[in-house]
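Have a look at the structure first.

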Amino acid sequence: AYALKIYDQKVKKCGNSTVIATYFKTDDGLFARHIVKQVNGYKAIETYTEVENKTDKPVTLQRVSSFTLNSLTPFSVENDMQNLVLHRLRSNWSAEGRKESLPLKNFDFEDSWSCLGIRVERFGALGSMPARGFVPFVALEDKTAGVTWAVQQDAVSSWQIEALHRYGSVNLSGGLADKLYGHWTKNLAAGEKFVTPSAYVSVVKGDLTKACATLTKYHETLYKLPKSEENLPVIYNEYLYSWGRPTMENIRPQLKKAKEFGAEYFVIDAGWFSEVNDGNLGDWNVIKSKFPNGLSEFASEVKSAGMQKGGVWYEFESVTSNSEIFARRGDLLLEEDGLLITRNGRAFFDFRKAEVTDYLTEKVINALNENGLKYIKIDYNENVGYGVDGDESPAEGLRKHMLGVKAFMEKLRDGVPGLVMESCSSGGMRHSVFFDTVGSMVSFSDAHENADGAVVAMDLQRIMQPRVMQIWASVLPAHGEDEVYFTMVKAMLGRICISGKIAELSSEITKIVKD
């Protein structure tokens, strides 16, 4: 990296954006371009890096950062490590986005006698769940100066962030997980170019909350929302009613009540394609004993009930061993070290293969269009792991696979007119910029019926706008008035997703929900 020297810089106006490109090169012909983009009216920037091999021989990359912030903080000659605070967001199942704020002295970020010592705090996530363990986010707050820097990384696969102390200053850097942390190398042939994922950066005079607000505001430049989303309609999802055993017969009573409560979207969750709620992933054939006339009848009855859209649950990246496609086309599944990758009975489609996206185009995109379904909940419940076979390094194989997933999600969003797309990953194990903005909403958490969901929802407002955060409001006949008030107000921290046995509620509870 130190061999790269700046040789040019250009500023370009592109519509309502300004782009600054800084050009670097080494003496032996490796070129890099650092991009900074700002959209008018927004107080955050997008940054990424391009590397191009202009030598006459292959070059192996072991790390390329998406962002680096150097020489923090500039407001003091000597940093006070007690008043410089590193903020990061831990994320675990049903406990997503939990803030951890520690003074830099906790990481031993203090000058050695010669200032030559290097201290590094590295964290990240490995695999296909980029918010499993940590959210791809970091912030540094100078409490003395009252200034905060904050960064969100656009991660769909393994990522890392480093805080580093050297020569009396603090640096923040991040991007794809490198060779040391994530087993990543990338071979660049002569003339080949590599582009990193983006990072979104802001600095504010103020605290963490203000810095996060500037980042989530920038998400507006990334949304592609259908017209039906303008008024933030209420959703009814039947999962906390049937718990993975929906049938046309048992959801009919819920349809009428959902409309009475003001829901405009009605969603069938897991179980429409199998006898049990997570069996037969991969085939995506409706079970006739549950839906004798197929999903088109369901979509029609949603319309007849006066609601805008009917939708269904998919976990289309995964394949279970009891599915027909698993037995018939094992060559379409991911492997590592020559062995099939399996996680709790799930294997994974290889999205680097055109046959996979062709198959899922038929089973997902075409099926939604043919049945008149305009809502999809996309779930993802197991992690591929640190890497897969088929490329120069396991992590590079994973990166290319996840780029294929990303491209298919964009194809899906654009391939069904007016589609409302909800991303889910065991709740919030994929809370990163892409998954939080590619569709209309994300499932905030699997904190379905417990009061903790309110805390999770408030924590997650640091990394996403409330308009895309879908929050469960489970209403059961056994609930008292206080419980119903609480769950409904909790859901108002984002998008209301009503669930539960709503057709069995008393008139008193029904009135509370309607009000």
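1. K377 is buried, at 4% relative accessibility (buried is under 20% relative accessible area, exposed over 50%, partly exposed in between, with a 1.4 Å probe and protein chains only). Its partner in a salt bridge is D269, with the closest N and O atoms 2.9 Å apart; the term means a side-chain nitrogen of Lys or Arg within 4 Å of a carboxyl oxygen of Asp or Glu. D269 is buried too, at 3%.

2. Bear in mind that this is a predicted model: local features need pLDDT of at least 70, side-chain atom pairs count only at pLDDT 80 or more, and totals for chains, interfaces and linings use all residues. Residues are numbered from 1 along each chain as its sequence is written, and side-chain values use heavy atoms, leaving out hydrogens and water.

3. Where does the R346 side chain find its salt-bridge partner? It meets E315, at 2.8 Å from N to O. R346 lies in strand β24 (residues 346-348) and E315 in the loop between β20 (309-314) and β21 (318-320), so the pair ties together parts 31 residues apart in sequence. (Strands are DSSP runs of E, at least two residues; helices are runs of H or I, at least four; both are numbered from the N terminus.) R346 is buried at 7%, and E315 is buried at 0%.

4. D391 and R352 also form a salt bridge, with 2.7 Å between the closest N and O atoms. Here D391 is partly exposed at 24%, and R352 is partly exposed at 28%.

5. Finally, K186, E192, E392, E396 and R399 are linked in a salt-bridge network. The overall count is 32 salt bridges.
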